[in-house]
Amino acid sequence: MTLNDIPFVTIDGEPTSLAQYADKVKLIVNVASRCGLSPQYEKLEELQKTYGERGFTVLGFPSNQFLQELSSSEAIKEYCSTTYGVTFPMFEKVRVNGRSQHPLYAELTRFPDAGGKAGRVKWNFEKFLVTPAAEVHRFRPKVQPDAPEILELIENSLPSAS
């Protein structure tokens, strides 16, 4: 099974998988509405607006694993759209660590960060940039979405601007 084959559910309850986004550069982020890092939503949305038409998308996966997410998909959707104007795709809450870890995160956490460390998601807003060639680059929560190393990877993975 590849990353593209792993099933998950949109925040609106529709079954899907990464196959729908196979040709895009994807920034997969475990998000939480009540986290001190929630202002990163603003930068994630800026990335979506800047690069979306060139074949990039942010994919937000809410998680209450660190006890900082709202209880329902409806509340999460409303918070994200009214507070940060989120337009990128969001999905149902998932577990990013532990026995009930979602298969997507079981696969993603095999990849190391810049320091060579793989394994558990440390906190909310951990980022995994996945290229159309299925290369995975991992960034820990405090790395901002618009950090130079992320922007460079996005730019180098997208077709040239016309």
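Strands here are DSSP E runs of at least two residues, and helices are H or I runs of at least four, numbered from the N terminus. This is a predicted model: local features need pLDDT of at least 70, side-chain atom pairs count only at pLDDT 80 or more, and totals for chains, interfaces and linings use all residues. Residues are numbered from 1 along each chain as its sequence is written, and side-chain values use heavy atoms, with hydrogens and water left out.

Back to β3, residues 25–31. With β5 (residues 127–130) it runs antiparallel, joined by 4 bridges; strands pair if DSSP finds at least two bridges between them. With β4 (residues 56–62) β3 runs parallel, through 7 bridges, and Val-31 stands opposite Pro-62 there.

In a regular strand, side chains alternate between the two faces of the sheet. In β3, Val-25, Leu-27, Val-29 and Val-31 point one way, Lys-26, Ile-28 and Asn-30 the other, and all are buried (under 20% relative accessible area with a 1.4 Å probe, protein chains only; over 50% is exposed, in between partly exposed).

Now for the packing. The largest nonpolar core has 29 residues, with Tyr-41, Phe-56, Met-90, Phe-125, Leu-129 and Ile-154 making the most contacts inside it. Such a core is a set of buried Ala, Val, Leu, Ile, Met, Phe, Trp, Tyr and Cys residues joined through side-chain atoms within 4.5 Å. At least two of its residues come from each of β3, α1, β4, α2 (73–84) and α4 (148–157). Apart from this core lies another, of 19 residues, including Val-94 and Phe-128.
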